[in-house]
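Dear colleague,

Please find below the structure that I am handing over to you.

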Amino acid sequence: MARSESLLPVTSQHDPLSESSSNSIPETRRRKPTKVHLVVYSGFLLIALYITLIVTHTRPVSTKGANDEKTVASRARLAGVSEKSNEHIWKMSDDREGEAFAWNNTMLSWQRTAFHFQPEKNWMNDPDGPLFYKGWYHFFYQYNPNAAVWGDIVWGHAVSKDLIHWLHLPFAMVPDQWYDANGVWTGSATFLDDGSIVMLYTGSTDKFVQVQNLAYPEDPNDPLLLKWTKFSGNPVLEPPPGIGDKDFRDPTTAWKTSDGKWRITIGSKINRTGISLVYDTVDFKTYEKHDILLHQVPNTGMWECVDFYPVSKTKHHGLDTSVNGPDVRHIVKASMDDTRIDHYAIGTYYDSNGTWVPDNPSIDVGISTGLRYDYGKFYASKTFYDQHKGRRILWGWIGESDSEAADVQKGWSSLQAIPRTVVLDTKTKKNLIQWPVKEIESLRLRSKKFHKKIGPGTVVPVDVGPADQIDIEAEFKLKNEDLEVIFGDDSVEDDKDFSCETSGGATLRGALGPFGFSVLADQSLSEQTLVYFYVTKGKDSKLKTFFCTDTSKSTMANDVVKPVYGSFVPVLKGEKLTMRILVDHSIVEGFGQGGRTCITSRVYPTKAIYGATKLFLFNNATDATVTASFKVWQMNSAFIHPFSAVDDLVVPSST
């Protein structure tokens, strides 16, 4: 097939994969080279850079189908991508009858978040190739520069000093070659032994075939990594025999094998079996496919955005992706295209043949009862090792739960969760622990402490002022006599069938729950989102705790999906019940028991907005008295805007 690269300029710029300039392979370049170089101490060149950034950032990529929602949706289906659609929303909604809600600009403007990462406008989805380089955190992401719906996908790019305040940069890569003509899709970064970077990403070709491509920074001395070069020999991988043209995507970060090769895995499926293919390479240009899969699970469908990384069994710090040894377990995570859920499992990796075996096959990757990063709205996640602070950080795409029409009206769709550190729970050894990065605390402003004892059936207002940008950390304690009465009473049957999702949400009253917080509520509680614990009498009369979020009353709007989310959360002997809640306008992130169970929700109040947002503490148990000790911080807004020369590469103060 004809290659459009023959129409583009060719250069022999820096190639991190070549041993010397004499044997470097000519590369295709995305755009015409510029004479401007980033020199921090030179005011003149900073001004020139600023002008270059503005021109590049505002350059349109494509206008075809920009405002045609039907065209975009059709292309998405053709490409093998499950884009958001109104019909999907209505299938999940109880309010199928009637017209869509009449949103006004006041309501829609309030929905934009204050300290979560999102572009200035339009559609965003998967995180791509996050990394730390020369003093900057880099975040790339799937982005449509032309509309608030999926389509025309490029790589957006932003940088930060602290993972909280962000500067938007020009697009890193756009679909300008035959091998990515229908989208520069999800990819991952790998640091080579000399500290240089290579990026593997999926391209959707001019024939809608999913292939893997190689790119790397044009100037490795540029801390902002403004320009990226695509390898002239792309694609480096095409779907192997037996794999569908639309079932071969999202290469992982590479890791070193014991014999010094680099190894990657790529998600796919065979019939209904989700699989992760394995390839070895020494130069990232040629690859050897393994006959054996890294892993497979029947009846789980297509595996997207596969991730593979080690975790320490003994220490609470992150590990480089290549680390292995007796004190290490390995995580395999896949995003289930059928269910839009990110599942992970803990297991053992065998370097000799490139396979991985789960510790517990009954909760394997993709099984409905298996472990999830997040039990709410959280998908296409990706981790990276932050060598700057010795931690592994998790990014996750948070889609919308409203209608596509509302997204088009407000002009943007989707955001990213607050980056989380991720480690193995060294106490249970059966799950991961996720926690917002420490840097988010820099946004904390004034705070109030509370200590309240609330009896059964009680709702208590919490005086914190406007409650649409807050951070809550809380401990709950049940009276021992209440526990003794319930668990010592043989007439109280075991509650084996309780489920956050199917047991009626926070309206279901039990002896020991639900209790927690009502966030984004109006004064009359006609709109509220409830984040809570529900404690039941489990098998052998042992305490069993669930962490849930109920959005069923979060809004008066009818064109919004309003589920109840949640799951069981491990609580060990002697532990208090703890939760943390980050509220940022239309997103609520909950962390139960230090991050053992996490729930992210999108909510769209029509009344509980701006100064009308309230916070309540509630105990809807029938028998138990609950003591709550908690602290609430008002949160400042993050500094997220286009980079300019006046920034002088300095992160703004949060005060």
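This is a predicted model: local features need pLDDT of at least 70, side-chain atom pairs count only at pLDDT 80 or more; totals for chains, interfaces and linings use all residues.

I begin with the open sheet. Six strands form it, in the order β27-β38-β29-β34-β35-β36, and their pairing is antiparallel. At the edges stand β27 (444-454) and β36 (597-602), each of which pairs on one side only. On average, neighbouring strands of this sheet are turned by 15 degrees against each other, direction ignored. As a general point, strands of a sheet pair through backbone hydrogen bonds, either parallel or antiparallel. Between β27 and strand β38 (residues 626-635), which run antiparallel, there are nine bridges. Within this pairing, H451 stands opposite S629 of β38.

Strand β38 also holds Q634. This glutamine has a relative accessibility of 10% and therefore counts as buried, the cut-off being under 20%. Its side chain reaches the backbone oxygen of V464 at 2.6 Å. Leaving aside residues up to four places away in sequence, Q634 touches L443, R444, L445, R446, V464, G465, P466, Q469 and I470.

The cysteines come next. The count of disulfides comes to one. It is formed by C500 and C548, whose sulfur atoms lie 2.1 Å apart. The link of C500 and C548 is left-handed, with -60 degrees about the S-S bond. C305, at 3% relative accessibility, counts as buried, and C598 is buried with a relative accessible area of 0%.

I turn now to strand β37 (residues 614-619). Five of its six residues are buried, so the strand is largely enclosed by the rest of the structure. Strand β28 (residues 458-462) is joined to β37 by five bridges, and the two run antiparallel. Here V459 has F618 of β37 as its bridge partner. Five bridges also join β30 to β37, again in an antiparallel arrangement. In this pairing S518 stands opposite F616 of β37.

In soluble globular proteins, nonpolar side chains tend to be buried together. The largest nonpolar core of this model has 47 residues, of which F476, F517, M579, L615 and F630 touch the most other members. Apart from this core lies another, of 45 residues, among them F384, I393, C598 and A638. Which residues does F476 touch, not counting those up to four places away in sequence? They are F515, G516, F517, F533, K576, L577, M579, L617, V626, T627 and A628.

With kind regards

Notes: Residues are numbered from 1 along each chain as its sequence is written. Side-chain values use heavy atoms; hydrogens and water are left out. A nonpolar core is a set of buried Ala, Val, Leu, Ile, Met, Phe, Trp, Tyr and Cys residues joined through side-chain atoms within 4.5 Å. Buried means under 20% relative accessible area, exposed over 50%, partly exposed in between (1.4 Å probe, protein chains only). Contact means heavy atoms within 4.5 Å. Two strands pair if DSSP finds at least two bridges between them. Helices (H or I, at least four residues) and strands (E, at least two) are DSSP runs, numbered from the N terminus. Axes are lines fitted to C-alpha atoms, for helices over the stretch in contact, and angles run from 0 to 180 degrees between N-to-C directions. A polar contact is a pair of N or O atoms within 3.5 Å; within protein, one must be able to donate a hydrogen and the other to accept it, and residues adjacent in sequence count only if both atoms are side-chain atoms. A disulfide is a pair of cysteine sulfur atoms within 2.5 Å.
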